[in-house]
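Subject: The structure you asked about

Hi,

Here is the structure for you to open alongside this note. My notes on what turned up follow right below it.

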Amino acid sequence: MYESASGRRDMLEIMLNLLDVSRQPIKKTHILYNTNMNFNQLERYLDMLLTMDLIEIVQSPFKGYKITNKGEKFVTTLNLSEPSNIQVSD
């Protein structure tokens with residue numbers, strides 16, 4: 001995954017990161033730590049991913065989040081279409 005020249009992540013990169021960490025059930029606080037986001041930003045992205053049916057709320061083995069089959073397909077499709085090993089020269 002590439003990072004912009006400013007060092008900031010774009011929306012798609014953040015979404016993919018959230019989906020990647022949720023391949024197994026994960027608590028919201030653990031998502032927060034693993035994705036290096038603030039709470040308000042995480043809430044916005046989780047709401048968006050839930051609305052898009054890319055992630056779901058699970059109750060077992062604990063209350064948390066997990067990627068859906070649709071989310072897995074979304075990640076796979078984007079990873080296949082993304083050029084690998086992009087080199088940016090100064």
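First, a word on how the helix pairs below are described: the axes are lines fitted to C-alpha atoms, for helices over the stretch in contact, and the angles run from 0 to 180 degrees between N-to-C directions. Please also keep in mind that this is a predicted model.

**The overall picture**

The protein chain has four helices and two strands. Reading from the N terminus, their order is α-α-α-β-β-α. Of the 90 residues in the chain, 30% are buried. The chain exposes about 6300 Å², and 50% of that comes from carbon and sulfur atoms. If you take the contacts between residues at least 6 apart in sequence, 49% of them join residues at least 24 apart.

Let's start with α1 and α2. Helix α1 covers residues 11-21 and helix α2 covers residues 28-35; they pack at an angle of about 130 degrees, and their axes are 10 Å apart. Angles of 65 to 115 degrees count as roughly perpendicular and those over 145 as roughly antiparallel, so α1 is oblique to α2. Their crossing is right-handed. On the α1 side the contact involves Asn17, Leu18 and Val21, which meet Ile31, Asn34 and Thr35 of α2. By class, that contact splits into three nonpolar residues, three polar ones and no charged ones.

Next, α1 against α3. Helix α3 spans residues 39-51, and α1 packs on it at about 80 degrees with the axes 11 Å apart. That angle makes α1 roughly perpendicular to α3. Here Met11, Ile14, Met15, Leu18 and Leu19 of α1 meet Gln41, Leu42, Tyr45, Met48 and Leu49 of α3. Nine of the residues in this contact are nonpolar and one is polar, with no charged residues.

Lys28, Ile31 and Leu32 from α2 meet Phe39, Leu42, Glu43 and Leu46 from α3. This contact has five nonpolar residues, no polar ones and two charged ones.

Ile14 sits in helix α1. Ile14 has a relative accessible area of 4%, so it counts as buried. Setting aside neighbours within four places in sequence, Ile14 is in contact with Arg9, Met37, Gln41 and Tyr45. Leu42 is 28 residues away from Ile14 along the chain, and their C-alpha atoms are 9.6 Å apart.

Thr35 belongs to helix α2. With a relative accessible area of 1%, Thr35 is buried. Again leaving out neighbours within four places in sequence, Thr35 is in contact with Arg9, Asn17, Leu18 and Val21.

Ser22 is in the loop between α1 and α2. Is Ser22 buried or exposed? Its relative accessibility is 0%, so Ser22 counts as buried. Beyond neighbours within four places in sequence, Ser22 is in contact with Ile55, Tyr65, Lys66 and Ile67.

Phe74 is in helix α4, which runs over residues 69-81. Buried means under 20% relative accessible area; Phe74 has 22% relative accessibility, so it counts as partly exposed. Not counting residues up to four places away in sequence, Phe74 touches Leu12, Met15, Leu16, Leu19 and Leu54.

Cheers

Notes: Residues are numbered from 1 along each chain as its sequence is written. This is a predicted model: local features need pLDDT of at least 70, side-chain atom pairs count only at pLDDT 80 or more; totals for chains, interfaces and linings use all residues. Side-chain values use heavy atoms; hydrogens and water are left out. Buried means under 20% relative accessible area, exposed over 50%, partly exposed in between (1.4 Å probe, protein chains only). Contact means heavy atoms within 4.5 Å. Accessible areas come from the Shrake-Rupley method with a 1.4 Å probe; for residues, only the protein chains shown count as cover. Angles under 35 degrees count as roughly parallel, over 145 as roughly antiparallel, 65 to 115 as roughly perpendicular and the rest as oblique. A crossing is left-handed if the near helix is turned anticlockwise from the far one by less than a right angle, and right-handed if clockwise. Ala, Val, Leu, Ile, Met, Phe, Trp, Tyr, Cys and Pro count as nonpolar, Asp, Glu, Lys and Arg as charged, and the others, Gly among them, as polar.
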